[in-house]
Amino acid sequence: ANIHFARGIGAARSEQLPAAQEAAARLAAIRKALLDAKNAYWSDQVEIQRLSVEAWLKHAKGENEEALKVMRSAADLESSTEKHPVTPGPILPARELLAEMLLESGDRESAASEINRVLRDAPKRRRAEALLARANGS
């Protein structure tokens, strides 16, 4: 799932929409297999990744309002789940992706708020700190 997530985000961000759609479809298939195996925790983790890819796809298509709605869903789902004890945490937190999307949409205040939530959960996270500097106009 992590490979498809990385490919999907990268493809959507570089406007390679068919590749991003394929990655989202692969994530949906992985999630279904996990649900069929009654593995709720990991199916939720894959759903967070799938929603994130879908949101960036919508953003790339110019569907910004819908993109933000889907990205918020991913961030809220991620916030509602406990971290698995043997994992280091998300590769790219959904809330951080939401903040970046808000920045790209010109909403610096909301972006800063979301970044501060990321930094509460992951203090001194370098990427989040860089996004906060952007949100603050630095």
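Glu15 is found in the loop that lies between α1 (2-13) and α2 (17-36). The model described here is a predicted one. In this model, Glu15 has a positive phi of about 60 degrees, although the residue is not a glycine. Most residues other than glycine have a negative phi. With a relative accessibility of 59%, Glu15 counts as exposed, because the threshold for that class is over 50%.

A positive phi is also found at Lys38, where the angle is about 60 degrees and the residue is again not a glycine. Lys38 is placed in the loop between α2 and α3. The relative accessible area of Lys38 is 75%, and the residue is therefore classed as exposed.

The packing of helices was examined next. Two packed helices are described by the angle between their axes and the distance between the axes. For helix α3 (residues 40-60) and helix α4 (residues 64-80), the angle is about 165 degrees and the axes are 8 Å apart. Helix α3 is therefore roughly antiparallel to α4, since angles over 145 degrees fall in that class. The crossing of these helices, α3 and α4, is left-handed. On the α3 side, the contact is made by Asp44, Glu47, Ile48, Leu51, Ser52, Glu54, Ala55, Trp56, Lys58 and His59. On the α4 side, the contributing residues are Asn64, Glu66, Ala67, Val70, Met71, Ser73, Ala74, Leu77 and Glu78. Sorted by class, the contact of α3 with α4 comprises 9 nonpolar, 4 polar and 6 charged residues.

A further helix pair is formed by α6 (residues 108-121) and α7, which pack at an angle of about 155 degrees with their axes 9 Å apart. This angle makes α6 roughly antiparallel to α7. The crossing of α6 and α7 is left-handed. Helix α6 contributes Arg108, Ala111, Ala112, Ile115, Asn116, Val118 and Leu119 to the contact, and helix α7 contributes Ala128, Glu129, Leu131, Leu132, Arg134 and Ala135. The residues of the contact between α6 and α7 divide into 9 nonpolar, 1 polar and 3 charged.

Two arginines were considered individually. Arg95 is located in helix α5 (residues 94-104). The relative accessible area of Arg95 is 5%, so the residue is buried; the limit for this class is under 20%. The side chain of Arg95 is joined to that of Asp76 by a polar contact of 3.2 Å. When neighbours within four places in sequence are left aside, Arg95 is in contact with Ala75, Asp76, Glu78, Ser79, Glu114, Arg117 and Val118. Among these partners of Arg95, Glu78 also takes part in the contact of α4 with α3, and Val118 also takes part in the contact of α6 with α7.

Arg127 belongs to helix α7 (residues 126-135). At a relative accessibility of 29%, Arg127 counts as partly exposed. Not counting residues up to four places away in sequence, Arg127 touches Leu92, Glu96 and Glu100. Ser79 is itself one of the residues in contact with Arg95.

Definitions and conventions. Residues numbered from 1 in each chain as written. Predicted model: local features only at pLDDT ≥ 70, side-chain atom pairs only at ≥ 80, totals over all residues. Heavy atoms only, no water. Axes fitted to C-alpha atoms, helices over the stretch in contact; angles between N-to-C directions. Helix = DSSP H or I, 4+ residues; strand = E, 2+ residues; numbered from the N terminus. Parallel < 35°, antiparallel > 145°, perpendicular 65-115°, else oblique. Left-handed = near helix turned anticlockwise from the far one by under 90°. Contact = heavy atoms within 4.5 Å. Nonpolar A, V, L, I, M, F, W, Y, C, P; charged D, E, K, R; others polar. Buried < 20%, exposed > 50% of the residue type's maximum accessible area, 1.4 Å probe, protein only. Polar contact = N/O pair within 3.5 Å; in protein donor to acceptor, adjacent residues only side chain to side chain.
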